[in-house]
Amino acid sequence: MNPEKDLLLYNTLTRKREKFEPIDAPFVGMYVCGPTVYNDVHLGNCRTFTFFDVVYRYLSYLGYKVRYVRNITDVGHLTGDSDEGDDKISKQARLEQIEPMEVVQRYTNGFHDVMLELGNIPPSIEPTATGHLIEQIEMVKQILENGFAYESNGSVYFDVVKYNESHNYGKLSGRNIEEQLEGQGTRKLDGQEEKKNNVDFAIWKNADPSHLMQWDTEWGKGFPGWHLECSVMSTKYLGEQFDIHGGGMDLQFPHHECEIAQAVATTGKEPVKYWLHSNMLTMNGTKMSKSLGNVIMPEELFTGNSELLTEAYSPMVFRFFMFQTHYRSTMDITDDALKAAKKGYFKLMNGIKNAKNLEYPSEVELNINQKHEDDINKSVTSVFRGINDDFNTAKSIAALFNLVKKINMLHAGQLDFSQISKESFDKLKSTLIDFTEQVLGIKEELPQGEKMLQMITTLVEMYKEAKEARNYEKVDYLRSKAKEIGIVFKDMKDRIDWAYEE
Ligand SMILES: [Zn+2]
């Protein structure tokens with residue numbers, strides 16, 4: 001159910017908010033640049049992939065049949081910015097003295113673990129660059145044949161200047177190629193003399209014999225340029241033209257700009273309708289960097305094992321935290337903000353728990369209070385208005401809390417069912433639960449699952465008995481035990497309930 005039909009999203013390509021209209025509804029193709037698996041996934045990546053998980057979830061919720069492709073880069077991503085340096089995976093393999101594919105497997109596994117912890121749904125297809133070498137070589141041949149690339153010393157470079165004569169290289173990132181060409185003579189980079197111009201980029205790179213990963217081609221032994229894999233895998237699985245391409249903002253240039261150029265040079269068609277980019281994150285207002293010592297890894301966040309944090313923050317708390325900032329804004333991580341998010345998350349979970357326990361009575365003498373009816377309808381509309389407004393999850397969450405307020409009033413008996421219609425109650429309950437769980441992917445998270453639930457039930461029983469026996473010492477003891485596992489007892493009129501400590 002979605003009372004607001006139009007989803008607006010900001011398209012980096014046009015720099016405008018546009019109404020989302022798939023090329024071939026109800027099908028939607030979405031490609032997101034995945035990780036280069038040579039080290040542990042960092043929080044910046046977590047933010048990007050969690051944002052696109054919500055895009056995937058929401059489009060599916062709206063009834064679209066979404067094919068979500070997110071690749072694994074396991075070759076071709078070099079340590080240098082412009083076609084120089086070592087392959088990141090090979091370098092790590094040498095460092096750890098293992099096979100490149102062991103590096104790939106290790107960090108792919110780690111990446112998947114963190115994605116699952118954060119509640120992200122796996123993509124429909126997760127292709128790897130090494131699994132698509134034949135297609136990449138084919139695309140290089142096609143670009144050469146179409147006259148937009150040249151061979152040089154066993155490498156193949158994309159001829160940006162030639163391409164720019166008939167197309168606009170730089171239109172996505174807003175870069176001006178003339179300006180970049182002007183700087184040409186002054187800053188020659190190592191290995192760049194193979195190129196006609198410094199703006200050209202490698203689509204195939206000649207490998208020296210020491211290079212760990214290389215393949216035979218008519219140009220000699222080598223490996224694909226990093227940008228090529230995404231052009232190949234996106235169009236292979238989503239068609240020459242597809243709906244959404246996403247990634248972190250840092251990929252706009254050169255990666256995504258090159259992707260467009262490669263696709264257009266191959267097929268003559270604009271590959272992507274909507275380009276979406278998520279912004280970066282900072283720690284206490286500063287960019288995270290090893291040299292500043294302010295880097296937090298996901299595991300450190302989840303365990304609290306960091307000098308920058310006063311306590312542990314669970315994956316779901318972090319997920320909730322991320323949605324408080326609009327995806328196109330910089331997200332600042334601070335211990336205080338995480339603390340506030342933790343409180344908010346448990347408040348929301350208590351509301352969900354209460355909602356799940358509430359049923360509209362089968363017999364009720366209606367005495368409708370229009371104000372409550374209007375409040376509920378307005379808040380439900382706001383939930384969807386938020387997400388439809390270029391995925392403004394913070395707006396949606398604010399509206400969800402208005403729904404929580406009503407649910408809690410019903411739960412506490414401050415609001416009587418007779419005052420609202422069954423229709424409004426159903427809308428209230430289903431929107432709160434479905435939107436939180438299905439669209440935002442935020443769920444209850446008991447550290448030990450079922451076992452913990454049994455323990456809580458036992459504690460509640462013991463608390464009830466101690467209260468009945470007026471054993472206040474035991475009551476206090478049980479309260480402190482409950483606090484240790486993050487819950488509080490709720491003395492209701494007719495029963496004892498429990499809630500997450502907020
Ligand atoms: Zn990519």
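## Annotated binding site

The UniProt record, an unreviewed entry, places the feature "binding site" at Cys33, Cys230, His255 and Glu259. These residues span 227 residues in sequence, yet no two of their C-alpha atoms are more than 11.0 Å apart, so they gather at one spot. The structure discussed here is a predicted model.

## Cysteine 33

Cysteine 33 lies in the loop that runs between strand 3 (27–32) and helix 1 (43–61). Its relative accessible area is 5%, and because buried means under 20%, cysteine 33 counts as buried.

## Glutamate 259

Glutamate 259 belongs to helix 8, which covers residues 252–267. This residue is buried as well, with a relative accessibility of 3%.

When residues up to four places away in sequence are not counted, glutamate 259 touches Cys33 and Cys230, together with His227, Ser231, His245 and Trp275.

## A nonpolar surface patch

Another feature of the model concerns its surface. Val364, Leu366 and Ile368 form a nonpolar patch there, and their accessible area together is about 230 Å². Leucine 366, one of these residues, is located in the loop between helix 11 (335–357) and helix 12 (370–388).

Definitions and conventions
Residues are numbered from 1 along each chain as its sequence is written. This is a predicted model: local features need pLDDT of at least 70, side-chain atom pairs count only at pLDDT 80 or more; totals for chains, interfaces and linings use all residues. Side-chain values use heavy atoms; hydrogens and water are left out. UniProt positions are given in the numbering used here, feature names are shortened, and annotations may be inferred rather than shown by experiment. Helices (H or I, at least four residues) and strands (E, at least two) are DSSP runs, numbered from the N terminus. Buried means under 20% relative accessible area, exposed over 50%, partly exposed in between (1.4 Å probe, protein chains only). Contact means heavy atoms within 4.5 Å. Patches are made of residues with over 30% relative accessible area and no salt bridge: like charges are joined within 9 Å, nonpolar side chains (Val, Leu, Ile, Met, Phe, Trp, Tyr) within 5 Å. Accessible areas come from the Shrake-Rupley method with a 1.4 Å probe; for residues, only the protein chains shown count as cover. A salt bridge is a side-chain nitrogen of Lys or Arg within 4 Å of a carboxyl oxygen of Asp or Glu.
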